[in-house]
Amino acid sequence: MAERKIWFITRPERDPKFHRDALLALNDATDGFKIKWAGNREAHLNYERALNARGVKRENVSNDGSGGRTWAAMLKTFSYVFTDEEGKLSLTKVGRKVMDGEKVRENVTKQILTLQIPNAYFLESGFRPQFEYGFRIRPARFVIKLVNQSQLDYYLTKEEITYFVLTAKTDTELMSVTDKIMRFRNANAVEKEVIKQKIIAEFDHRKRADKGARDFELAHGDVAHTFMLICDYTGLVEYIRGEALRVNPADSKRVSDELTAYDTRYPFNTRYHISLQRMAENNGLDIDSYKASNYGAIKPATNKTKTENKIKELLSDYPDLEELSRKNIKDILLKEFSIKESEKHADAIKKYSMKGLNIDFVEGYLNETNEHHFEQKTGEVLKAIGFTVEMNPKPASDEKTEIEILVKLGKKRSFIIDAKMYRPKFPLAANLVSHMASEYIPNYEGYDNREVAYFGYVTVAAWSGEKNLVKISKLAKRAIPEREIKGIMLSANVMLGFLDYCIDNGIRKHKRVELFLQAIDNRAYSTVGELLRYIQSV
């Protein structure tokens, strides 16, 4: 199946003022989100009936519940809900706030302006066709920024959005799209038709015989129309029906300032590297869960982009920048900046930075190719969770075998961790079972006058061999018969997801440690949802 090269949005009801009604109807149809949604045709049909009962949908019910699924897809598109690992639809924070009638317009506007490609819904396996690789764009913001330009006389037509705007893949294409629209406006009728045909040939992913402009406009013009409506809802632009999106030039500065504030508060979200659930939950924060860029308002006089990229590079080894003091940040920046610049940027970061996972760290950690760096970054995540970490400690005995990470628990216990950078999968094989049970655990028993309480494996990718965790516990009893030492195995993105969840929910470090230790029960976790669900069950 050909991949999407052009924007798409689910649109059962185009006007965002019905988003709350759609949530209320979904709550009715799923008994307060308790009923399984995935594969449950009766629930899909019940949702259609609930939408009809609330007067949101036309009085008809499909044969297979497709109408209900389409409405649910719209709610997932805007991160009001997500499908959890049990197949149920779960409300995000903003979904709950909107459903409860709290700051509805502000929250819906926030979801429109933070809508991005890709997002959690667009990355679901059931979303077809998938977007082509390389999309990194906030569509509504992009449209409004285009409209708010004197070069385009502060307007955009539906035709221009259909052919030029919907084909943009990244936020950086603002000027190139502007140039294309200006050339199109200055072309004659024949030239315009040639331009259209070239766009159709390059971007239309649908398989059909007719490649004509009218067919393209019918298919994608509906998407353009939907974006015009949702942008109008934000109050930043006005939709003149049958004509165009417009900005009053007198309002241009206000519009620009509001978009700049959104760019600062809500940077592009790449939590899909961690998990689609964490992506949906984070994009689904309500308007009062303020999220600022990790780097604050860094505004050097020149070379802004280069300077910001350099700062990001230097700080990309630290998962939670909020944990760094002004002095910590200054000392890190001193590696490549002058004292004056380092102090200025450190002040800006500490002034504007809000709590949130450092996404630059996430991308670097999950794509790490250096084994030593992977181990070091794993240690940084553990520190950010709240553990006291010692890297590459020398064993209590004279043995040469060394563990990568030792976590100190209180004054008397320890937790030893083996970081494994195996791709595409780490297999916990028999030789590694013997290595952990017969060497690592006995060798670190008594280190710093501590008892080994737990062992674990952190993998860069997938894993196998979960049952061997129990074997390690049994074998370790030969050396230390007086207690059972249990283990855990989890991937790096699960550990990041746990940290991200804790930060977003304001969980203090001592509680984070307590929750994490509850998950150590000779189990392995492939998703953060699985980890959190187990913690909540014990």
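Two strands pair if DSSP finds at least two bridges between them. Strands (E, at least two residues) and helices (H or I, at least four) are DSSP runs, numbered from the N terminus. The model is predicted: local features need pLDDT of at least 70, side-chain atom pairs count only at pLDDT 80 or more, and totals for chains, interfaces and linings use all residues. Residues are numbered from 1 along each chain as its sequence is written, and side-chain values use heavy atoms, with hydrogens and water left out.

**Stop 1: the hairpin**

Select strand E7 (405–409) and strand E8 (413–420). E7 and E8 pair in the antiparallel sense, over five bridges. Find Lys408; opposite, in E8, stands Ser414. Three residues lie between the two strands of this hairpin, and Gly410 takes a positive phi near 60°. Now color E8 by burial. Buried means under 20% relative accessible area, exposed over 50%, and partly exposed in between (1.4 Å probe, protein chains only). Seven of the eight residues of E8 are buried, so the strand is largely enclosed by the rest of the structure.

**Stop 2: across the sheet**

Six strands form it, in the order E6-E7-E8-E10-E12-E13, with mixed pairing. E6 (388–391) and E13 (523–525) are the edges; each has a single partner strand, so one side of each is left without a neighbour in the sheet. On average, neighbouring strands are turned by 20° against each other, direction ignored. For such angles, axes are lines fitted to C-alpha atoms (for helices, over the stretch in contact), and angles run from 0 to 180 degrees between N-to-C directions.

Step from E8 to E10. These two pair in the parallel sense over eight bridges. The bridge partner of Asp418 in E10 is Tyr457. Stay on Tyr457: in E12, its bridge partner is Met489. E10 (451–459) and E12 (486–491) are parallel too, with six bridges. Val458 has Leu490 as its bridge partner in E12. Leu490 also stands opposite Tyr525 in E13. Three bridges join E12 to E13, and the two run parallel. E12 is mostly covered, with five of its six residues buried.

**Stop 3**

Contact means heavy atoms within 4.5 Å.

**Stop 4: Asn269**

Go to the loop between helix H11 (252–265) and helix H12 (276–283), where Asn269 sits. Is Asn269 buried or exposed? Asn269 is buried, at 3% relative accessible area. Leaving aside neighbours within four places in sequence, Asn269 contacts Gln116, Met279, Asn282 and Asn283. A polar contact of 3.0 Å joins the side chains of Asn269 and Asn283. A polar contact is a pair of N or O atoms within 3.5 Å; within protein, one must be able to donate a hydrogen and the other to accept it, and residues adjacent in sequence count only if both atoms are side-chain atoms.

**Stop 5: the cores**

A nonpolar core is a set of buried Ala, Val, Leu, Ile, Met, Phe, Trp, Tyr and Cys residues joined through side-chain atoms within 4.5 Å. The largest has 82 residues; Trp7, Tyr47 and Val165 have the most contacts inside it. Helix H10 (213–233) gives the most to this core, nine residues. A second, separate core of 49 residues includes Phe361, Phe387, Ala419 and Leu496.
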